[in-house]
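Work through the exercises below with the sequence and the structure in view, and try each task before reading its solution.

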Amino acid sequence: DRLSRYKHWFQIEDEEMLQPPGSDMLVVAQFRNPYSWVEAMRWRAHHLPLHKGNSWVTFVTKLLIMSRYGTDLTVTSDQKADVQCQEGYTWNEVIPCHRDQHKGLREIPMYELNHYKR
């Protein structure tokens with residue numbers, strides 16, 4: 001069983017996205033010291049290629065965003081409302097939308113955006 005999205009990504013309340021649909025699960029929240037949590041993210045900046053190897057100050061002050069690349073650049077304005085992005089995100093919620101490698105890296109980047117549609 002899994003939530004609507006893998007592990008630490010923003011979750012949404014949508015029964016259809018549960019794996020398998022309608023499954024029961026228990027969510028346990030873990031709270032960490034904010035400094036050590038940020039430091040752990042900095043040392044292992046999973047899915048954040050533009051944030052790897054940065055100093056602490058740079059890591060916490062640099063915007064969590066990257067430019068679109070690869071297949072994303074072929075999406076037209078008319079297609080953006082209908083395109084299905086990785087992990088079920090919409091175009092305005094994630095960069096990149098498509099699961100393209102970034103500069104030959106094994107890990108696929110994922111910068112979450114605009115979760116609350118503000």
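**Exercise 1.** Determine which helix gives the most to the nonpolar patch, and with how many residues.

Solution. Helix α2 (residues 56-61) gives the most to this patch, with 3 residues; helices here are DSSP runs of H or I with at least four residues, and strands are runs of E with at least two, numbered from the N terminus. The patch on the surface is formed by Tyr35, Trp56, Val57 and Val60, which together have about 380 Å² of accessible area. Patches of this kind take residues with over 30% relative accessible area and no salt bridge, and join nonpolar side chains (Val, Leu, Ile, Met, Phe, Trp, Tyr) within 5 Å, where a salt bridge is a side-chain nitrogen of Lys or Arg within 4 Å of a carboxyl oxygen of Asp or Glu. The areas come from the Shrake-Rupley method with a 1.4 Å probe. The model is predicted, so that local features need pLDDT of at least 70 and side-chain atom pairs count only at pLDDT 80 or more, while totals for chains, interfaces and linings use all residues. Residues are numbered from 1 along each chain as its sequence is written, and side-chain values use heavy atoms, with hydrogens and water left out.

**Exercise 2.** Decide whether valine 57 and valine 38 are buried or exposed.

Solution. Valine 57, in helix α2, counts as exposed because its relative accessibility is 54%, the limits being under 20% for buried, over 50% for exposed and partly exposed in between (1.4 Å probe, protein chains only). Valine 38, in helix α1, counts as buried because its value is 17%. Beyond residues up to four places away in sequence, valine 38 touches Trp56, Phe59 and Val60, contact meaning heavy atoms within 4.5 Å.

**Exercise 3.** Describe the surroundings of arginine 42, including which ring face it lies over.

Solution. Arginine 42 belongs to helix α1 (residues 34-43) and is buried because its relative accessibility is 16%. Apart from neighbours within four places in sequence, its contacts are Asn54, Ser55, Trp56 and Phe59. Arginine 42 also lies over the face of tryptophan 43, at 4.9 Å from the ring centre; such a placement requires NZ of Lys or CZ of Arg within 6 Å of the ring centre and within 35 degrees of the ring normal.

**Exercise 4.** Find where the cis peptide bond lies.

Solution. Isoleucine 95 and proline 96 are joined by a cis peptide bond, with omega about -5°, and proline 96 is in the loop between β1 (94-95) and β2 (111-112). Most peptide bonds are trans.

Terms used:
Patches are made of residues with over 30% relative accessible area and no salt bridge: like charges are joined within 9 Å, nonpolar side chains (Val, Leu, Ile, Met, Phe, Trp, Tyr) within 5 Å.
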